[in-house]
Structure formats: C-alpha cells, structure tokens
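Here is a short report for a reader meeting this structure for the first time. Keep the sequence and the 3D view open while reading.

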Amino acid sequence: MKENRRRCKINSTKKLKVIIDSTYILPAFGIEIIGIDNQDLLKLENLRINNKVEYYYSDICWIEIIPIVYKEYRKKKLELHDKTIEEVVKSIKETLKRIEINFKAIKIAAKLKKLGHKDMIDNLLYGAAIENNYHLLTLDEKLRNFIKNKKLKSNLIINHKELFEITNEL
C-alpha cells in the first residue's frame, strides 16, 4: 500500500528529465537511424505531449549534427536548404528545453577525456546529465560501456526502449 502511494506521489509531481543525444535529433532532418523507427519517434513524442518526459538538448550537438546532415544529404544527392535547417532548429527550440553546459559538466567531461573517452560532445552531455541528475538518452553503447568499465554512474544512460520501460512504471 505504501509503495503505491509513493509511486502516485512521484507521478503527480515529477516529469522524467532527459537530455537527448544528437542521434535523436537527426530524424527531424529526415535521416533514418538504425534502431529507431517511426513508432519509436511517435512514442517519444507522446511521452512529451503527455507530460511524462521533459526533453533537453544542448547547442553543442549542432557541431555534430550539421556535418552528418550534410553528408547524408550529399549521399542521397539532395541539397540541404537553409529553410530546412531553420525549420528543424525552430522546431527543436519550441519542443525541447535547452540545457547549459556548466563548470561541473565541463569538469566531468575533462575527467572522461583524461580517462580515455575521446568524444567530447558525449562527455559534455554525460557531464550535464550528472550535474543535473537527468537521464542521457543515447544509442551510444561505446559511451555506456566506457562509463561502466570505469565504474562511473551509468544508470542514467538509457536508450529509448529503456525510457519506454521506465515511463511505463510511472
């Protein structure tokens, strides 16, 4: 009985706060990601609309996203128009909250770099997740395994399927 009351209290007062990795922004440009289908994208959006999850992004992700988008468009012999970029950025800014990368996150990112993890964008996002006690939504198993192997806090790193399980429990 107590457990049910506790669970209801959590439901009524908190949304799960989740920082999204670049991988989850790429579909907004029409880029298919192995492991994420349209149903998954709809479920992710429904979690936001139903106030179960609050998504965050960091502007540092654009450093990674824009080159990938150009490369993928070139492969398909498509031109990436400024209007497309503008619409996607506007949509992201309207539906996701922006998270700052503060000193503690930078300090954690530097520690990960020193320990041998080279992807500074991932390091910074992980640092921001730790600093704010948010989840980090990513498909990056290299990052997850690195964090686990270094015996750092890994339970906050999740993929969308794990997010669906967590939110079903709420």
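The sections below cover confidence, the sheet, the core and a few single residues.

## Confidence

This is a predicted model. The protein chain has a mean pLDDT of 92. Of its residues, 92% reach 70 or more.

Residues 1–12 need caution, as pLDDT stays under 50 there. For this stretch the model has 3 contacts beyond four places in sequence.

## The sheet

An open sheet is built from 5 strands. Their order is S3-S2-S1-S4-S5, and the pairing is parallel. Strand S3 (97–98) and strand S5 (157–158) stand at the edges. Each has a single partner strand, so one side of each lacks a neighbour in the sheet. In general, strands of a sheet pair through backbone hydrogen bonds.

Look next at S1 and S4. Strand S1 covers residues 16–20, and strand S4 covers residues 135–137. They pair in the parallel sense over 3 bridges. Ile19 stands opposite Leu136 in S4. Helix H2 packs on the sheet and touches S2 and S4. The direction of H2 makes about 110 degrees with that of S2.

## The nonpolar core

How many residues does the largest nonpolar core have? It has 51. Those with the most contacts inside this core are Ile19, Ile20, Phe29, Tyr55, Leu137 and Leu163. Helix H6 (residues 120–132) gives the most to the core, with 6 residues. In soluble globular proteins, nonpolar side chains tend to be buried together.

Leu163 shows how such a residue is surrounded. Leaving out residues up to four places away in sequence, Leu163 touches Leu16, Val18, Leu44, Leu47, Val53, Tyr55, Leu137 and Ile158. Tyr55 and Leu137 are also listed among the core residues with the most contacts.

Lys52 is found in the loop between helix H2 (38–49) and strand S2 (53–57). Is Lys52 buried, exposed or partly exposed? Its relative accessible area is 32%, so Lys52 counts as partly exposed; the range for that class runs between 20% and 50%.

A polar atom of the Lys52 side chain lies 3.4 Å from the backbone oxygen of Thr167. Glu72 is 20 residues from Lys52 along the chain. The C-alpha atoms of Lys52 and Glu72 are separated by 32 Å.

## A buried histidine

His117 is in the loop between helix H5 (103–115) and H6. Why does His117 count as buried? Its relative accessible area is 9%, and buried means under 20%.

The side chains of His117 and Asn123 are joined by a polar contact of 2.6 Å. Not counting residues up to four places away in sequence, His117 touches Leu112, Asp122, Asn123, Leu143 and Phe146.

Most residues other than glycine have a negative phi. Two loop residues have positive values here.

Lys77 has a phi near 55 degrees and is not a glycine. Lys77 sits in the loop between helix H3 (61–75) and helix H4 (82–95). With 77% relative accessibility, Lys77 counts as exposed.

Asn133 is not a glycine either, and its phi is about 60 degrees. The loop between H6 and S4 holds Asn133. Asn133 is exposed, with a relative accessible area of 56%.

Technical notes:
Residues are numbered from 1 along each chain as its sequence is written. This is a predicted model: local features need pLDDT of at least 70, side-chain atom pairs count only at pLDDT 80 or more; totals for chains, interfaces and linings use all residues. Side-chain values use heavy atoms; hydrogens and water are left out. Helices (H or I, at least four residues) and strands (E, at least two) are DSSP runs, numbered from the N terminus. Buried means under 20% relative accessible area, exposed over 50%, partly exposed in between (1.4 Å probe, protein chains only). A polar contact is a pair of N or O atoms within 3.5 Å; within protein, one must be able to donate a hydrogen and the other to accept it, and residues adjacent in sequence count only if both atoms are side-chain atoms. Two strands pair if DSSP finds at least two bridges between them. Contact means heavy atoms within 4.5 Å. Axes are lines fitted to C-alpha atoms, for helices over the stretch in contact, and angles run from 0 to 180 degrees between N-to-C directions. pLDDT is the predictor's confidence in each residue, from 0 to 100. A nonpolar core is a set of buried Ala, Val, Leu, Ile, Met, Phe, Trp, Tyr and Cys residues joined through side-chain atoms within 4.5 Å.
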